[in-house]
Amino acid sequence: MTVQAPLVHAGFTFPGIEQGLVFGTPEPRNQKNEVFGLKGATVIDGGYSTREITCEMWLFDDYSTTGQFNAKLRAITEHVNVTGTLVDSMGSTFEDVQFLRQEPVGKLLYSNELKWWKHIRLIFEELSP
């Protein structure tokens, strides 16, 4: 039996072992205003907007057939654009996070212990960091 360290987003579990979250830099929100004929500009500071969160993981859950594995990939695709709480394998919680997509990192593999598994990358966006 392999120990899992899953990632959970909005109640949806990404089974397997996650390698840790990688955080992008929040985008600053500001507006610059320049008036013709006057020197300089004014800036309205709106704080920060969103930041990207990525996570590579080994997706597995004792899938004995490729059909079972592909069904999970379809479920992940159906989870795109869902917004909710993201909880990593260490129990860290991030509110207001949207799931954007998953990308394959490696090909579909098989082992006697894990059955069918794949290395993937999950991309989220934290809407209010």
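**Figure 1. The exposed face of helix α1 in the predicted model****.** Arg74, Thr77 and Glu78 are exposed and lie on the face of α1 turned away from its buried side. The helix comprises 13 residues. From its first C-alpha to its last, α1 reaches 18 Å, close to the 18 Å expected at 1.5 Å a residue.

**Figure 2. The buried face of helix α1****.** Phe69, Lys72, Leu73 and Ile76 are the buried residues shown for α1. Viewed down the helix axis, the buried residues of α1 fall within an arc of 100 degrees, so they line one face of the helix. The elements that cover these buried residues include β2, β6, β8 and β10.

**Figure 3. The surroundings of Ile76****.** Ile76 belongs to helix α1. Its relative accessibility is 0%, below the 20% limit, and Ile76 therefore counts as buried. When residues up to four places away in sequence are not counted, Ile76 touches Phe12, Phe14, Leu59, Phe99 and Gln102. Ile76 and Arg101 are 25 residues apart in sequence, and their C-alpha atoms are 8.2 Å apart in space.

**Figure 4. The largest nonpolar core****.** This core has 19 residues. Those with the most contacts inside the core are Leu7, Phe14, Leu21, Ile76, Leu86, Leu122 and Phe124. At least two core residues are supplied by each of β2 (12-14), β6 (51-63), α1 (66-78), β8 (93-104) and β10 (115-126). Strand β6 gives the most to the core, with 5 residues. In soluble globular proteins, nonpolar side chains tend to be buried together.

Figure 5. At 7% relative accessibility, under the 20% limit, His79 counts as buried. Residues up to four places away in sequence being left out, His79 touches His9, Ala10, Phe12, Phe14 and Phe99. Phe12, Phe14 and Phe99 are also among the residues in contact with Ile76.

**Figure 6. Confidence of the prediction in strands β5 and β7****.** The protein chain has a mean pLDDT of 91, and 98% of its residues reach 70 or more. Confidence is lowest in strand β5 (residues 42-48), where the mean is 77. Strand β7 (residues 83-87) has the highest confidence, at 97. Where pLDDT is low, the predicted coordinates should not be read in detail.

Technical notes:
Residues are numbered from 1 along each chain as its sequence is written. This is a predicted model: local features need pLDDT of at least 70, side-chain atom pairs count only at pLDDT 80 or more; totals for chains, interfaces and linings use all residues. Side-chain values use heavy atoms; hydrogens and water are left out. A nonpolar core is a set of buried Ala, Val, Leu, Ile, Met, Phe, Trp, Tyr and Cys residues joined through side-chain atoms within 4.5 Å. Buried means under 20% relative accessible area, exposed over 50%, partly exposed in between (1.4 Å probe, protein chains only). Helices (H or I, at least four residues) and strands (E, at least two) are DSSP runs, numbered from the N terminus. Contact means heavy atoms within 4.5 Å. The expected span of a helix is 1.5 Å times one less than its number of residues. The arc is that of the directions from the helix axis to the C-beta atoms. pLDDT is the predictor's confidence in each residue, from 0 to 100.
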